[in-house]
Amino acid sequence: MKCGGSTLAALPDSFFEDLRELQETGFQPVIVHGGGPAISDNLAKLGIESRFVNGLRVTTEEVLDVVEMTLAGSINKAIVRRIQGSGGQALGLSGEDGNLILARPVANSAEVGLVGEVTGVKAEIVTGILSMGYIPVIAPIGVDAEGQRYNINADTAAGAVASYVNSPKMIVVTDVPGIMSTVEGKKIVLPSVTVQDIEDLIESGEIYGGMIPKVRAAMDCIQGSVSEVVIVDGKEPRVLSRVLQGEELGTRIIRSN
Ligand SMILES: Nc1ncnc2c1ncn2[C@@H]1O[C@H](COP(=O)(O)OP(=O)(O)O)[C@@H](O)[C@H]1O
Ligand SMILES: CC(=O)N[C@@H](CCC(=O)OP(=O)(O)O)C(=O)O
C-alpha cells in the first residue's frame, strides 16, 4: 500500500489496529510512504523554497539531504512506531538500504534534478522481511550502481514495489475518498475507472495535481501482477480490511478488459 504524506498525521489508531489484525490473519502488507508536505515544511524552515514541475519536486543535492532526513528519518520511524504501538511488527528502511530500489534519472532530469525512476526492486528483501513476520515500511529513495541517490515520487515507488513483489492489489491511502468527478452537476466518487477513463479525466482536467502521479502509477502497475488499485481515504474506519473484503469503497482502477 501507499500511505500519502497528505494523510499520515491524520490516520487514526484504528488504521494501525486494522493493519495489525490483517497481519495476524495472514495478509502480508507492505507499506511505501510519502511525506511531501513534511519535506516542504522542513525546507521552509531552512529557508529553501519548494518547486515542483508536473508534480515532481525540483531536487538538488541540498534538497535531497532534507528529503532523505524527512522520509527515511522522521516519517519512516513515526510509521514504524505507530505500527508497533498498536501491537504490530514493522521494520523501516529506505530504498537505498540493500539497494532495495534501483533508480536512474527521470527523462526530464535537466528540469527536476535528482529525481529518479525505478529500474528495479530487490523483491527478495521485501519477501525476506515479510517472512520474518515484519511489515516492511519503505521510504521512496532510490540508488544507482554508482551510489547516487534519487528522490522518487512515492506513488511511483509504491507501484513499482507492488509490481516487483507480485502483489495482487495496491491500496493507495490518501486524504480524499477516491477519484471525484462531476456527473450530472453533482460531485461524486467514481466507484471504478479504467485506463481509458483516466486518460479522459486527465485530459478534461478533472484529475489534476497530486492525483496524477497516483493514477499514472496505477496504470503502470496494473499491466503486470497487480489486478487492481484502490484509492481510499485513510480516515475511513477499517478501510484496509473493508477493501480487502471486497466492499465498494473509494475508487477501483481496473484493467480495461
Ligand atoms: N479527481 C480528483 N479526485 C480527488 N482528488 C483529486 C482529483 N484531482 C486532483 N485531486 C487532488 O489530489 C490530492 C491527493 O494527492 P496528494 O495531495 O498528492 O496526496 P498524497 O500525499 O496522499 O499523495 C487531493 O487532495 C486532491 O486535491
Ligand atoms: C520526486 C518527488 O516529488 N518526490 C516526493 C517524495 C515524497 C512524496 O511523493 O510524498 P507524497 O506521497 O506525500 O506526495 C517529494 O519530494 O515530495
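Helices (H or I, at least four residues) and strands (E, at least two) are DSSP runs, numbered from the N terminus. The UniProt annotation "domain: Aspartate/glutamate/uridylate kinase", from an unreviewed entry, covers residues 1-233. UniProt positions follow the numbering used here, feature names are shortened, and annotations may be inferred rather than shown by experiment.

This is a predicted model, in which local features need pLDDT of at least 70, side-chain atom pairs count only at pLDDT 80 or more, and totals for chains, interfaces and linings use all residues. Residues are numbered from 1 along each chain as its sequence is written, while chains are lettered from A and ligands numbered from 1 in the order in which they are written. The protein averages a pLDDT (the predictor's confidence in each residue, from 0 to 100) of 96, and 100% of the residues score at least 70. The model has ipTM 0.97 and pTM 0.97.

The largest nonpolar core holds 74 residues. Such a core is a set of buried Ala, Val, Leu, Ile, Met, Phe, Trp, Tyr and Cys residues joined through C-beta atoms within 7 Å. Ile31, Ala157, Val161, Met170, Ile171 and Val229 have the most contacts inside it. Helix H3 (residues 61-85) gives the most to this core, with 9 residues. Beyond four places in sequence, Met170 touches Met1, Lys2, Ala158, Gly159, Ala162, Cys221, Val226 and Val229; contact requires C-beta atoms, placed from the backbone, within 7 Å.

Ligand 2 is surrounded by 17 residues, the closest being Gly5, Gly34, Gly36, Arg57 and Ala154. A surrounding residue has its C-beta atom, placed from the backbone, within 6 Å of the molecule. Helix H2 (36-45) and strand E4 (56-57) each give two or more residues to this shell. Around ligand 1 there are also 17 residues, with Gly4, Ser6, Thr174, Gly210 and Met211 the closest.

UniProt (unreviewed entry) places the feature "binding site" at Gly35, Gly36, Arg57 and Asn151. These residues spread over 117 residues of sequence but cluster in space, with a largest C-alpha distance of 11.9 Å. Gly35 lies in the loop between strand E2 (31-33) and H2. Gly35 is buried because 27 other C-beta atoms lie within 10 Å; the cut-offs are 20 or more for buried, 12 or fewer for exposed, and partly exposed in between, with C-beta atoms placed from the backbone. Asn151 is in strand E10 (residues 149-151). Asn151 also counts as buried, with 28 C-beta neighbours inside 10 Å.

Note on methods
Contact = placed C-beta atoms within 7 Å.
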